[in-house]
Amino acid sequence: MDMSWTADLWWKSAVIYCLDVECYKDGDGDGIGDFKGLTQQVDYLERLGVTCIWLMPFFPSPRRDDGYDISDYYAVDPRLGTLGDLVEFLRTARDRGIRVIADLVVNHTSDQHPWFQDARSSRDSQYRDWYVWVDEPPADGPKDIAFPDQENSVWELDEGTGQYFLHRFYRFQPDLNISNPAVRDEIARILGFWMELGLSGFRVDAVPFMLETIGEQEKQRLPRPHEYLADLRAFLGRRDGDSVLLGEVNIPYPDMMEFFGDGRPELTMAFDFIGMQRMYLSMARGEAAPLAEALKERPEPPRDARWATFVRNHDELTLDKLTEDERNEVFAAFGPDEDMQVFGRGLRRRLPPMLDGDLRRMKLTYSMLFSLPGTPVLFYGEEIGMGENLDLPSRMAVRTPMQWRPDEFGGFSTAEPHIPMPSGDYAPEHVSVSAQRGDPDSLLSWTGMLAERYRQNPEMAWGAFSLVDSGDPAVLAYRYDDDDDGPLVILHNFADRPVTVTPALDGLDGRLVDLLQNAETLLTDETAFDLEPYGTRWLRRFP
């Protein structure tokens, strides 16, 4: 393996950790997380093995959509601190070798943003064409509604000017008109501003919606929307050649490939939504086939691009790419109550309650996160097995404060958190960082070990991936090969029963060392491997 150029592609072997500043650590005792508190926890993230922090929106906002309704792209929400606090955090992270990316939410703004306030003041406003206006909703306009339980149209009448504006999300989030060159220039200035302060890239929110131009002004129509995404990537590259665009693109695999770029690079990484959904179907059935089929179907991204794998994210755990019957299987297994479901297409739960607290299954799931082909992305609290709070509305159920210590406020704050924590078995007195830090059998220790093993075995980022016939329908087997090391063979047992498998390893010889258990096996053509219920093994060959 030629490693001479790999440092430039740091994202291929990164461990990304998504967090919400307001929910992570309160540094001033007001019950709201802030950058001062986050800076205090950078060493924790370094010890965990995190190499890139992804920040959810931290900009000024009316917070009607948890910060995704932005009213100023050039500032920090005063509740979370100042620009100075942000820069101090970025410097602290950089000193530990941790890069930072942030959410880029430019499909829409808040209706309280000065641009929209000016735009709706008059049809002659200088900002009028920064948004999408029509006299009557067009028959050929966008039909997809992001939140069908809250909205029944993507068009909203503005009574003051007598026209409708486009909003693919909530009606208080009017869509920007990226067909307008002035809007595209402003978005570039936003990216450039934050990169000057030290960001290494952006997670791009709702990419397909952002690029959709149906219903927008014909006179300003882009010749090809993907050219704009390529322009953004090129702009980042000019400012910082190591910067990344991580895209939220939940569409079928063949369509997804266009977002990596055809001739010109577009997204650096894209979340594998289909693989994630098939993984839950495999877990519900206790069979490897659904996930294995997704891995077979998944196209190989360009050499300088990468899939991003995840167990869940900050939104609902969407199951929209499963059939209705498959989705109902996952609902029955992991979220049978209607209150656990959202939008009719997903779950508003975290993994541990979905698995009834079964540590074996949690460890299996995170083993897949770190060993499947793709850059692993953790959502804060996953490393300790945090639960959700179903008393909170919609997707907010999984955005509760981080649980640091087993006390009343979870070590998050000296004041009562403004967002209530989970109760019962997942309250801080039962789930916290400090309670797990010294326990070698804890989920925190397991996650840290997986991150370390992932980083120690570069062929997981750079080698050739292939599925292996395990001989048992419950066991997913695959391997990584490269020119110098390995191969690395990985086994996952989805069944609640012990299994013994003899995977087809194509005549490998030598020793196989289990990287998770420090056990050693001498390879023969008939070598069998034992797996406990929900067990996993990472096996590296040594001569």
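Student: Which residue is the bridge partner of Leu-476 in β17?
Tutor: That's His-492. Before going on, a note on the model: it is predicted, with local features needing pLDDT of at least 70 and side-chain atom pairs counting only at pLDDT 80 or more, while totals for chains, interfaces and linings use all residues. Residues are numbered from 1 along each chain as its sequence is written, and side-chain values use heavy atoms, leaving out hydrogens and water.

Student: Which strands does that bridge belong to, and how do they pair?
Tutor: Strands pair if DSSP finds at least two bridges between them. Helices (H or I, at least four residues) and strands (E, at least two) are DSSP runs, numbered from the N terminus. Here β16 (residues 475–481) and β17 (residues 488–493) pair in the antiparallel sense over 6 bridges.

Student: What is the strand order in the sheet?
Tutor: The open sheet has 6 strands, β15-β16-β17-β22-β19-β20, with antiparallel pairing. At the edges, β15 and β20 each pair on one side only.

Student: And how do I read two packed helices?
Tutor: You describe them by the angle between their axes and the distance between the axes. Axes are lines fitted to C-alpha atoms, for helices over the stretch in contact, and angles run from 0 to 180 degrees between N-to-C directions. The axes of α10 (residues 273–285) and α12 (residues 324–334) come within 9 Å and cross at roughly 60°. That is why α10 and α12 are oblique to each other (under 35 degrees is roughly parallel, over 145 roughly antiparallel, 65 to 115 roughly perpendicular, the rest oblique).
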